[in-house]
Amino acid sequence: MLVQVVLLGGLAATVGLGVAGWLAGLTYGAVTCLALIRALRRAGSPRLGPADWVTMGRGLLVGAVTALIADALIAGRPAPTAVLVVLTGVALALDAVDGKVARRTGTVSGLGARFDMEVDSILVLMLSFYVAPSVGVWVLAIGLMRYAFLAASWVLPWMDAQLPPRYWRKVVAAVQGIALAVAASQLLPAPVTLLVLLAALGLLVESFGRDVAWLWRRRAPRTVSPIVVATVPLRGRPLDRVEERDLPPAPVLSLR
């Protein structure tokens, strides 16, 4: 948290940072720290691994990006595009480092993978908000799709199952960040930027669609509870012998 404050202070001293940016950056840092402490306790781990510290560095950069974007969207301050793109580029480049560090040091863990995924998701979400005013509201689908998937898993239990590792999923996630960073840089003509973002969204829909289809095919079959019919004993005289007075006065339709 202290490093996040120092980084925000550096932004305030160089490119400027308003109250909205400070609040967004500090809130992001506080939530990240609390979530990490809780996750470490649940995992029974006393400290972060080497790869987790790399992810933490990425998270600090994402906190700075979050502060700049919040300042631009809420306070209306012009965002320093060059600084924003550089911070985003470094965060994206480090995304290829933490996984290698984890494998080489033998510290691959579910906590590290989840931490890495959450940092990526926040970065993509914030970049989507930043690009949306100039491109269109539809681009928010790129940043919100992962959270929509998470919300659906709360309602549909079969979507909460563990997905198998898939390299293509990582490639698609990286493409989203790169495409949004290119759009934020405003280096390409508007029509080209639009095509890049549409292609990125198409890949994301395909990736999520494949995961949903995989989960649907492997969902647990619904079990129907057996119907228990209570038997009530008949009271009265036994019907072991049919007497003549028991016969009906009119013919009975026979189905034989």
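This report describes the overall make-up of a predicted model and then its helix α1.

Local features need pLDDT of at least 70 and side-chain atom pairs count only at pLDDT 80 or more, while totals for chains, interfaces and linings use all residues. Residues are numbered from 1 along each chain as its sequence is written, and side-chain values use heavy atoms, with hydrogens and water left out.

The protein has 8 helices and 0 strands; helices are DSSP runs of H or I with at least four residues, strands are E runs with at least two, and both are numbered from the N terminus. Along the sequence the pattern reads α-α-α-α-α-α-α-α. Further values for the protein are listed here.

| Item | Value |
|---|---|
| Buried share of the 256 residues | 35% |
| Share of contacts with a separation of 6 or more that join residues 24 or more positions apart | 76% |

Buried means under 20% relative accessible area, exposed over 50%, and partly exposed in between, with a 1.4 Å probe and protein chains only. A contact means heavy atoms within 4.5 Å.

Helix α1 covers residues 2-14. Its 13 residues reach 19 Å from first C-alpha to last, close to the 18 Å expected at 1.5 Å a residue, a span counted over one less than the number of residues. Gln4, Leu8 and Leu11 of α1 are buried. Seen down the axis of α1, the buried residues fall within an arc of 55°, so they line one face of the helix; the arc is taken from the directions from the helix axis to the C-beta atoms. Their cover includes α2 (19-43), α3 (50-74) and α4 (81-105). On the face turned away from the buried side, α1 carries the exposed residues Leu2, Val3, Val6, Ala13 and Thr14. After α1 comes Gly16, with a positive phi near 90°.
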